[in-house]
Amino acid sequence: MLTELNRLRITKISEAERASPTVKTFTFQDTLCSEATPGQFAMVWIPGVDEVPMSLSTIGPNGRASITVADVGEATHALHQKRAGEILGIRGPYGNGFTPAHGNALLVGGGTGLAPLAPLSEELPTLHGRVTFVAGAKTQRELLFLDRIMTGLSRSNGKVFATTEDGSYGIKGLATEVAEQLLEKERFDMIYTCGPEEMMYKVFVLAEEYKTPIQASLERLMRCAIGICGSCVIGGFRVCKDGPVFSGTQLRAVQEEFGRFMRTRAGKEGPIHDSR
Ligand SMILES: Cc1cc2nc3c(=O)[nH]c(=O)nc-3n(C[C@H](O)[C@H](O)[C@H](O)COP(=O)(O)OP(=O)(O)OC[C@H]3O[C@@H](n4cnc5c(N)ncnc54)[C@H](O)[C@@H]3O)c2cc1C
Ligand code: FES
């Protein structure tokens with residue numbers, strides 16, 4: 001099974017759909033990815049260009065999976081030019097994924113950080129708790145997965161709050177501001193977050209303040225994805241192997257780095273790269 005995970009599997013894109021002006025969702029057939037845990041990621045090879053890590057934004061059914069990709073650089077731009085019928089290489093799924101906890105859940109996501117939270121929100125209602133989802137973006141056009149999240153959570157009486165920075169949809173402001181208001185009023189048993197690191201850092205600070213357990217999915221430069229090359233280190237952890245989802249205890253241990261800097265390709269300290 002491990003060998004199969006690490007083998008580069010060639011698959012055809014079955015659908016390429018625009019999700020926002022700068023984001024596209026690509027669906028493909030891959031049995032291993034279709035059985036992944038929400039929060040796990042695939043290494044996606046764009047032939048002749050590069051291989052990049054991408055969270056799985058849909059997981060199954062029928063052997064299918066999707067990735068939802070922001071066009072931010074060379075590899076993602078090349079991927080955006082691909083159409084249904086063209087090929088990709090897939091390794092993985094890798095990483096730990098989120099660990100669903102019993103009780104009331106608060107999900108806080110922004111931008112393409114909503115990609116791993118969308119399938120998670122579809123799993124959590126089976127755990128007998130209330131699910132509250134705060135989904136943020138800069139503008140309405142960049143707000144991803146909203147219909148899907150609302151439809152999924154309406155079946156379980158979950159609540160969805162959408163925020164946009166320019167006020168073009170939902171509540172004007174940041175997802176973290178709504179998260180703070182919710183934490184002031186209600187007790188949650190777990191916070192799950194993914195998005196720009198500045199946002200996740202604020203969510204982590206809130207989790208500390210309100211003494212609420214947290215799971216945050218981090219992003220770092222990745223090469224091997226199997227714990228060998230060291231490109232993805234944060235503190236004493238390798239994001240590809242030990243993460244990408246980290247607990248509050250682990251985030252506390254990497255506070256010097258988390259939300260402050262990330263390693264560049266040369267291994268030096270560089271600014272936080274927020275492709276989310
Ligand atoms: C676990 C995981 C899951 C991810 N899931 C998604 C997802 O669901 N959707 C999505 O759109 N993206 C996701 N990403 C991010 C995605 O992998 C990157 O955006 C992608 O690799 C960028 O590749 P590129 O060649 O297009 O851009 P590049 O050309 O590599 O980079 C674009 C710009 O960012 C700068 N840059 C890149 N990395 C760093 C760094 N470490 N430090 C400082 N600057 C840097 C580059 O210099 C360049 O200016 C995920 C990343 C990880 C680790
Ligand atoms: S990407 Fe190589 S150790 Fe994580």
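Trainee: Quick one to start: is Glu122 buried, partly exposed or exposed?

Mentor: In this predicted model, Glu122 counts as partly exposed, with a relative accessibility of 43%.

Trainee: And which residue does Glu122 form a salt bridge with?

Mentor: Glu122 pairs with Arg148, and the closest N and O atoms of the two are 2.7 Å apart.

Trainee: How many salt bridges turn up in the whole structure?

Mentor: A search of the whole structure finds 12 of them. One of them joins Arg7 to Glu4, where the closest N and O atoms are 2.9 Å apart. Arg7 is partly exposed, with a relative accessible area of 43%, and Glu4 is partly exposed as well, with 32%.

Trainee: Switching topic, what does Glu186 meet in a salt bridge?

Mentor: The side chain of Glu186 meets that of Arg130, with 2.6 Å from N to O. This pair links distant parts of the chain, 56 residues apart, since Glu186 sits in the loop between helix 6 (175-185) and strand 11 (190-194), whereas Arg130 sits in the loop between helix 4 and strand 8 (131-137).

Trainee: Is Glu186 buried or exposed, then?

Mentor: Glu186 counts as buried, because its relative accessibility is 19% and the cut-off for buried is under 20%. Arg130, by contrast, counts as partly exposed at 30%.

Trainee: Which residues are linked in a network with Glu186?

Mentor: Arg130 and Lys159 are linked with Glu186 in a network of salt bridges.

Definitions and conventions. Residues numbered from 1 in each chain as written. Chains lettered and ligands numbered in written order. Predicted model: local features only at pLDDT ≥ 70, side-chain atom pairs only at ≥ 80, totals over all residues. Heavy atoms only, no water. Salt bridge = Lys/Arg side-chain N within 4 Å of Asp/Glu carboxyl O. Buried < 20%, exposed > 50% of the residue type's maximum accessible area, 1.4 Å probe, protein only. Helix = DSSP H or I, 4+ residues; strand = E, 2+ residues; numbered from the N terminus.
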